[in-house]
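Q: Here's a model I'd like to walk through with you. Could you take a close look at one part of it and then work outward from there?

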Amino acid sequence: MPPAAIEPGLGVEYPFQSRFLDVGAGKLHYVDEGPRSGEPVLMLHGNPTWSFFYRRLVRALSPEHRCVVPDHLGCGLSDKPETWRYDLAGHIQNLEKLVLALDLERITLVLHDWGGPIGMGLARRHPRRIARLVVMNTAAFPFDRCPLRIRVCRAPVLGSFLVRRLNAFAGLAPRMAVARSLEPAARRGLGLPYDSYAHRIAVARFVRDIPLSSAHPSWAEVDAIGRSLDSFRDLPTCIVWGERDFCFTPRFREEWHRRFPEAEVHPLPRAGHWLLEDEPEEIVAIVKTFLDAHPLP
C-alpha cells in the first residue's frame, strides 16, 4: 500500500514503492530505490522512526545508488506481531534475510540509533559484504549510560503503560529528538505507524531491549558486536553527529572516533538526535561527498 493512500499528502515526502519480504514472523517492509546495478546503500533506522526518516537521503542518492531501507519488524509499514521476540538478535536475523534475499554486496551501511547494533550485527556475520560505513548518533558497543526519561520507559509494567497506552515515547520524540521544530508533514510522517496501542509494540520492546548490564539478555550480542568493530576500522568511515542529542551525546561520537581513528568526523552543533530532520541539506552533502571521495574498487 503506497504511503499516499495511508496519509494524504505524504506521497510528496515519501514517493517510494513499498516492497515486502516474508521473514517468518511477518512481512518486512522495505524501500528499494535506484538502479539495481548501483552500489547499494543500506540505511537502518532506530526507535521510534522508520524508513521515512531517510526519505531525503534516498531521494538524493537514488539517481546513482541503490538505496535499500527496511522497516524493522514492528516498525513503519512492516507487520507488528504481538508475540514475536523483539530483541536485537531477532532484528539482525531479519536484516540478514533481506540482505541475502536481495544478494546485496559492497554495501555502504548508514546507521542511526538501533540501526547501529543491528547493522554492525549484520556486518559481524557477513564482513565481506560491507564496504563503507556512515555512522550517525548510535552505538554498537556496550554502555551503561541511559537518560532517566528512557529508564522510566524500561520498567516492565509502568514502561509498557507509558509507551503503549499513553504514547509517551513516540509521541514525545518529535519534541525531544530535534533541536528545532518539525515541519507538519515530518511530524505526521514519523508518527504515522505508531497510532495505537497495538502498533506501538516494537517501540516498547526496543526500549526494554537496551542492554545496560551483563545480566541483560542482549548484552552478549552487543558485546560481541563491539569486539568485532576493530575488524572494520580500515573501511572508509564517516561519522556525522547531532551534538545536541540528549541520549547519544558527543561522548559516543568520541568513542566511535577512538575505535575508527581514520574516520572523517562531522559534528553538527545545531542538530539533535534526529539529525536528518535538523540538518538534512548539510548531511546529504556530507554523505554524497564521502561516497564520491571513496569510490569502491
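Which side chain is joined to that of R164 by a polar contact?

A: It's E82: a polar contact of 3.0 Å joins the side chains of R164 and E82. (A polar contact here is a pair of N or O atoms within 3.5 Å; within protein, one must be able to donate a hydrogen and the other to accept it, and residues adjacent in sequence count only if both atoms are side-chain atoms.)

Some housekeeping before going on. This is a predicted model, where local features need pLDDT of at least 70 and side-chain atom pairs count only at pLDDT 80 or more, while totals for chains, interfaces and linings use all residues. Residues are numbered from 1 along each chain as its sequence is written, and side-chain values use heavy atoms, with hydrogens and water left out.

Back to R164, which sits in helix 7. (Helices, H or I with at least four residues, and strands, E with at least two, are DSSP runs numbered from the N terminus.) R164 and E82 also meet in a salt bridge, at 3.0 Å from N to O; that term means a side-chain nitrogen of Lys or Arg within 4 Å of a carboxyl oxygen of Asp or Glu. Because R164 lies in helix 7 and E82 in the loop between strand 4 (66-70) and helix 4 (88-102), the pair ties together parts that are 82 residues apart in sequence.

How covered are the two partners? R164 counts as buried because its relative accessibility is 4%, whereas E82 counts as partly exposed at 43%. (Buried means under 20% relative accessible area, exposed over 50%, and partly exposed in between, with a 1.4 Å probe and protein chains only.) Leaving out residues up to four places away in sequence, R164 touches E82, Y197, A198, R200, I201 and A204, where contact means heavy atoms within 4.5 Å.

Helix 7 has another side to its story. Helix 7 (158-165) and helix 6 (148-153) each supply at least two residues of a nonpolar patch. That surface patch is formed by L148, V152, L158, F161 and L166, with about 480 Å² of accessible area together. (Patches are made of residues with over 30% relative accessible area and no salt bridge: like charges are joined within 9 Å, nonpolar side chains, meaning Val, Leu, Ile, Met, Phe, Trp and Tyr, within 5 Å; areas come from the Shrake-Rupley method with a 1.4 Å probe, and for residues only the protein chains shown count as cover.) V152, in helix 6, counts as partly exposed because its relative accessibility is 33%.

The disulfide count comes to 0, a disulfide being a pair of cysteine sulfur atoms within 2.5 Å.

What about salt bridges elsewhere? The count comes to 18. One of them pairs E277 with R55, at 2.8 Å from N to O. That pair links distant parts of the chain, E277 in helix 13 (residues 275-278) and R55 in helix 3 (residues 55-61), 222 residues apart. E277 and R55 are both buried. R258 forms a salt bridge with E255, the closest N and O atoms being 2.7 Å apart. R258 and E255 are 3 residues apart in helix 12 (residues 250-259), so about one helical turn separates them. Finally, salt bridges that share partners join E13, R55, R56 and E277 into one network.
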